[in-house]
Amino acid sequence: MPHLFRLFAFFSGFCYIFASPEVCTNSLIPGAKGDQGDDGEQGEEGKHGKNGPPGSPGDKGPKGFDGPVGLKGQTGATCDCGRYRKVVGQLDENLGKLRNAVKFVKNVVLGLKETEDRYYLLVKEPKKFREASMNCKLRGGTLAMPKTNDINRLMADYVSQAGLTRVYVGVQAQSKGTDGIGRSYIYADSTPLREFAAWSQEEQLYSTSSPATNVSCVELLNTGTWNRVECETPLFFVCEFPKSRRRGRGGTAASAS
């Protein structure tokens with residue numbers, strides 16, 4: 001009996017399905033969801049992407065352990081204090097000499113004569129004319145050139161105040177004049193005498209006499225007049241220095257030594 005009931009139910013259901021109008025459609029009815037399949041094989045590694053922004057700094061790590069103690073160094077040399085004291089003493093002595101030199105220079109500078117653009121230094125060292133000229137050049141100047149009456153007067157007073165009677169100045173004979181007899185004179189800077197000369201009555205610029213060759217240098221008397229003198233005669237002399245050179249604008253300052 002139960003077997004017949006199951007068979008009846010099967011045929012009833014079969015007839016109901018075929019009698020339904022949906023059997024004539026072309027749609028497929030999806031089945032039930034199946035079980036999850038196995039994982040596939042791992043694919044190839046892809047390309048690297050762009051680097052991301054840097055992260056924030058991490059916390060400071062803990063302090064490490066102290067390292068081992070180093071090896072003991074060699075014993076140092078004994079201080080040679082006596083030697084260093086000697087060096088320091090020598091430095092003090094040199095410093096004292098330098099102070100005296102500076103003091104000497106200051107005293108000499110206080111004795112300088114000056115105009116608006118020049119300094120004049122009377123050198124009390126008897127020298128021949130050529131030696132005197134070279135001495136002024138080594139100091140950074142030239143033999144003094146009295147190119148105007150005012151400068152000539154200033155130099156003459158300088159000589160007189162020093163208790164002297166005559167000095168070399170930067171004037172010297174160059175050659176015979178155009179007449180073949182007289183001599184032409186130039187200053188130490190090679191410029192000719194033009195508007196000013198202070199020859200004494202006995203010493204005219206273009207004398208008709210023909211002096212010896214070595215009588216071609218010039219001395220300035222404390223009266224302000226000029227005389228010719230032999231260039232080998234040792235005399236004191238006056239140097240001149242541009243003020244611009246003493247200020248360090250392109251030359252060596254006057255030296256007092």
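A disulfide is taken here as a pair of cysteine sulfur atoms within 2.5 Å. In the predicted model described below, this rule gives a count of 2 disulfides. One of them joins Cys 217 and Cys 231, with sulfur atoms 1.9 Å apart; with 100° about the S-S bond, this link is right-handed. The pair links distant parts of the chain, since Cys 217 belongs to strand β6 and Cys 231 to the loop between β7 and β8, 14 residues apart. Both Cys 217 and Cys 231 are buried.

The other disulfide is formed by Cys 136 and Cys 239, whose sulfur atoms are 1.9 Å apart. The torsion about the S-S bond of Cys 136 and Cys 239 is about -80°, and the disulfide is therefore left-handed. Cys 136 in helix α3 and Cys 239 in strand β8 are 103 residues apart, and the pair links distant parts of the chain. Cys 136 counts as buried because its relative accessibility is 0%, under the limit of 20%. Cys 239 is likewise buried, at 0% relative accessibility. With bonded cysteines counted along the chain, the disulfides follow the pattern 1-4, 2-3.

The overall make-up of the chain is as follows. Its secondary structure comes to 5 helices and 8 strands, in the order α-α-β-β-α-β-α-β-β-β-β-β-α along the sequence. The chain has 257 residues, of which 26% count as buried. The accessible surface of the chain comes to about 20000 Å², and 54% of this area belongs to carbon and sulfur atoms. Among contacts between residues at least 6 apart in sequence, 68% join residues at least 24 apart.

Helix α3 (129–138) contains Cys 136 among its buried residues, together with Phe 129, Ala 132, Ser 133 and Asn 135. These buried residues line one face of the helix, because they fall within an arc of 160° when seen down the axis of α3. The face turned away from the buried side carries the exposed residues Arg 130, Lys 137 and Leu 138. After α3 comes Gly 140, which has a positive phi near 100°.

Strand β6 (residues 217–221) pairs with β7 in the antiparallel sense over 4 bridges. Within this pairing, Trp 226 in β7 is the bridge partner of Leu 220. The two strands form a hairpin with 4 residues between them, and Gly 224 in the turn has a positive phi of about 100°. In strand β7 (residues 226–229), Trp 226 and Arg 228 point one way, while Asn 227 and Val 229 point the other way; all are buried.

Lys 97 and Glu 93 meet through their side chains at 3.9 Å, N to O. Because Lys 97 and Glu 93 are 4 residues apart in helix α2 (residues 81–110), about one helical turn separates them. Glu 93 counts as partly exposed, at 42% relative accessibility. Another salt bridge joins the side chains of Glu 232 and Lys 128, with an N to O distance of 3.2 Å. Glu 232 is in the loop between β7 and β8 and Lys 128 in the loop between β2 and α3, so this pair ties together parts that are 104 residues apart in sequence. Lys 128 is partly exposed, with 34% relative accessibility.

The side chains of Lys 147 and Asp 189 also meet in a salt bridge, at 2.7 Å from N to O. This pair links distant parts of the chain, 42 residues apart: Lys 147 is in the loop between β3 and α4, and Asp 189 is in the loop between β5 and β6. Lys 147 has a relative accessible area of 33% and is partly exposed; Asp 189, at 35% relative accessibility, also counts as partly exposed.

The loop between β5 and β6 also holds Arg 194, which counts as exposed at 71% relative accessibility. Glu 202 and Asn 227 are 25 residues apart along the chain, and their C-alpha atoms are separated by 8.2 Å.

Terms used: Residues are numbered from 1 along each chain as its sequence is written. This is a predicted model: local features need pLDDT of at least 70, side-chain atom pairs count only at pLDDT 80 or more; totals for chains, interfaces and linings use all residues. Side-chain values use heavy atoms; hydrogens and water are left out. Buried means under 20% relative accessible area, exposed over 50%, partly exposed in between (1.4 Å probe, protein chains only). Two strands pair if DSSP finds at least two bridges between them. A salt bridge is a side-chain nitrogen of Lys or Arg within 4 Å of a carboxyl oxygen of Asp or Glu. Contact means heavy atoms within 4.5 Å. Accessible areas come from the Shrake-Rupley method with a 1.4 Å probe; for residues, only the protein chains shown count as cover. The arc is that of the directions from the helix axis to the C-beta atoms.
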